[in-house]
Amino acid sequence: MKFLRKDANILKKYKYILKGLDCANCAREIEERLQKENCLKNVSVNFSTLKLSFEAEEDFYTFISKIISEVEPEVEVLKENINKNEKNNEPIIRLILGILFAGIGFYSNVKGKEIFVLLAYIILLYRTFLNAIKLIIKSKTINENFLITISCIGAYLVGEHMEGLMVILLYEIGKILEEKAIHNSRKSISNLMNIKPEYATLENGEVVLPETVKIGTIILVKKGEKIPLDGVVVSGKSYIDTSSLTGESNLVFVEEGSSILSGSINQEGILKIKVEKTYENSTVSRILELVENATDKKTKTETFVGKASKIYTPIVLLLAFFVAIFLPILTDATYQVSIYRALIFLVISCPCAIAISVPLSYFSGIGKASKEGILIKGSDYLDTIRNIKKIVFDKTGTLTTGNFKVSKINLYDENYSKDEVLEYAAYGESLSNHPIAKSIVASFDKKIDPKKIEKHQEFSGKGISYEMDGKTILVGNRNFVKANETSEIGTTIYVSIDDKFIGSIILMDEIKEKTKEAIQTLKKRKIEIEMFTGDHKNSALYIGKQLGISEVKSEMLPDDKYHELEKILKSTNDKVAFVGDGINDSPVLALASVGISMGGIGSSAAIEASDVVIMTDDISKIESAIQISKITDRIIKQNLTFALATKIIILLLSVFGIGGMWQAIFADVGVTLITILNTLRILKYRIGK
């Protein structure tokens, strides 16, 4: 069934829970099958979160459920708000009954004990057998259910009753343990980002869901409660814990007028908060969505493993066929022996351990990063971070605090005073959100009357023009104002009235704490460091010298930064990161191999503009991100190497009659369990180790 999409503008995003999905290879098969449907766009099956997401003109729930049941009969498609964690004891009950009947069949002296062996086979194998048959009938494909079924039945028919029964018995035990391990790993990851508030308390004491609260509503947050929505404090004083958002343990003091973010925890007293954002647009909601969707975009490694898994099983099946047919011809082995060894091949051929280790590792890495206050928007970016060879830093708000202080005012027209130069600059900058503008306004300690400002116009990267008291005032850089002053160390803002240069304001920007140490740490990794800034040359070189950065480019407009980074990328095959404040650097952040925003907690511009968001202004978090990227890559390589090596070794041993069904089961479910447990090491990794 094909639906043709006519208008991409009306596509909506849908998400479902895939209950019963316990195989990473099966997740890949479902994704590939759904991607063939024209009505579905951007289909992604996230095995780590058990979520299916896609874009479509309408909700094709019934249609999708039918397709998924054809690919994986045991998987049920559920709405997101339905409880998916209910316990299923049926596998354990079947396992106990199977062991009981097997024990009677093999170790008792009752008459007709062979019947008990057969019953044990039926009880343990029937569900796997039914799934295999359903899949063959509905989608004409085979998976591990078919391979295990053939192996068990084949072992029974060649007289290896105990071996065949042990295959399905160990397989069932392994699947139960594997499901528990996967569940625990998902739980561990979700606990890292356990920041979603369960409720919001209104001013009248009514408890409601955060999703129902409207902007402007007053909510109460008691001691120990999570702050459910972004807002501003209207009453109360407290310290709040923002560690779940930023990874920082230091408490933050808030009082009346303080902005406050959802996901933080109130440590003292009662706070009254006026809601400024709906839950959908709140900080906690956007963070959770970013982390949850981060593994939807596949890396090259995941894509390669997916493709390799598709050809791996057919190759092993073909080898099994050759072993069964040609082993008696080439050696003195009987066909009974060759068939038995071929059955071992079938057990080993399931690629689950290979398929599961990669997505689960990336999801764990992204979860670990989020706990450290680093939001990584995709597993491909997590993969790229470890390969960064050059980092270009924006200066203001990134390497420096952005909190400028007026250090000097130069006067060039006797008709005006220094206070008037500051006043004209403050009026011009009062309508701007740039850090320099805010600093100038803060230095002017008088009230600004916006009604006096006329024809206000801002020129990006250059300055501001406006009219006041019949005069045309320009406030900005030297070229914009046409000033002839010699640059000094610091950021200089020039002021002219009616095309006459009257004075300049020198502002000094403070270097952020720990920035110098962080730069040195990155240099020790042999990463080249460069700085871009719109400041004049002397000021830029001064900051560069303080931080040990020799490659400094100054007096750059946003377009200059873009074109300069473009040149760097064209001149190298290495990965180049750009680190900015997420306000004026969006084009450059998007151009870089990895765009990293240092916009501070809750910055909408930072979250939207970049691939990686540092939830504090601490650039040492870049080193943390590199460490997490490297440990994730190391775990993936360990898992893949171990899984493939184990399977190949046992395949070879089985050919020579050394390895049996027990070893084959270990090569399947045993290896899968070990790779899952190894993956959990990412979550426990200590930064700085």
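Predicted model: local features only at pLDDT ≥ 70, side-chain atom pairs only at ≥ 80, totals over all residues.

I begin with the salt bridges. A search of the whole structure returns 16 of them. Lysine 405 is exposed, at 51% relative accessibility, and glutamate 510 is partly exposed, at 39%.

Another salt bridge joins aspartate 413 to lysine 500, with 3.1 Å between the closest N and O atoms. These two residues are 87 apart and link distant parts of the chain: aspartate 413 is in the loop between E16 and helix H14 (418-429), and lysine 500 is in strand E21.

I turn next to a network. Salt bridges link Lys390, Glu528, Glu530, Lys553 and Glu564. Within this group, glutamate 564 and lysine 553 form a salt bridge, the closest N and O atoms being 3.9 Å apart. Glutamate 564 lies in helix H19, residues 558-570, and lysine 553 in strand E23, residues 551-553. Lysine 553 is partly exposed, with 24% relative accessibility.

Lys389, Lys630, Arg634 and Arg681 form a positive patch. Of these, arginine 634 is part of helix H22, residues 620-655, and is partly exposed, with a relative accessible area of 40%.

There is also a nonpolar surface patch, whose members include Ile115, Tyr126, Phe129 and Leu157, with about 1,000 Å² of accessible area for the patch together. Which elements give two or more residues to this patch? They are helix H4 (113-139) and helix H5 (144-157). H4 supplies the largest share, ten residues. Leucine 157 is located in H5 and counts as exposed, at 67% relative accessibility.

Finally, the sheet. Six strands form an open sheet with antiparallel pairing, in the order E6-E5-E7-E13-E8-E11. Strands E6 (207-208) and E11 (259-260) stand at the edges with a single partner strand each, so one side of each has no neighbour in the sheet. E6 is joined to the antiparallel strand E5, residues 200-202, by two bridges; in one of these contacts, alanine 200 has valine 208 of E6 as its bridge partner.

Notes
Residues numbered from 1 in each chain as written. Heavy atoms only, no water. Patch = residues over 30% accessible without salt bridge, like charges linked within 9 Å, V, L, I, M, F, W, Y side chains within 5 Å. Areas by Shrake-Rupley, 256 points an atom, 1.4 Å probe, with all protein chains shown as cover. Salt bridge = Lys/Arg side-chain N within 4 Å of Asp/Glu carboxyl O. Lys, Arg positive; Asp, Glu negative; His and termini not counted. Charge placed at Lys NZ, Arg CZ, Asp CG, Glu CD. Helix = DSSP H or I, 4+ residues; strand = E, 2+ residues; numbered from the N terminus. Buried < 20%, exposed > 50% of the residue type's maximum accessible area, 1.4 Å probe, protein only. Pairing = 2+ DSSP bridges.
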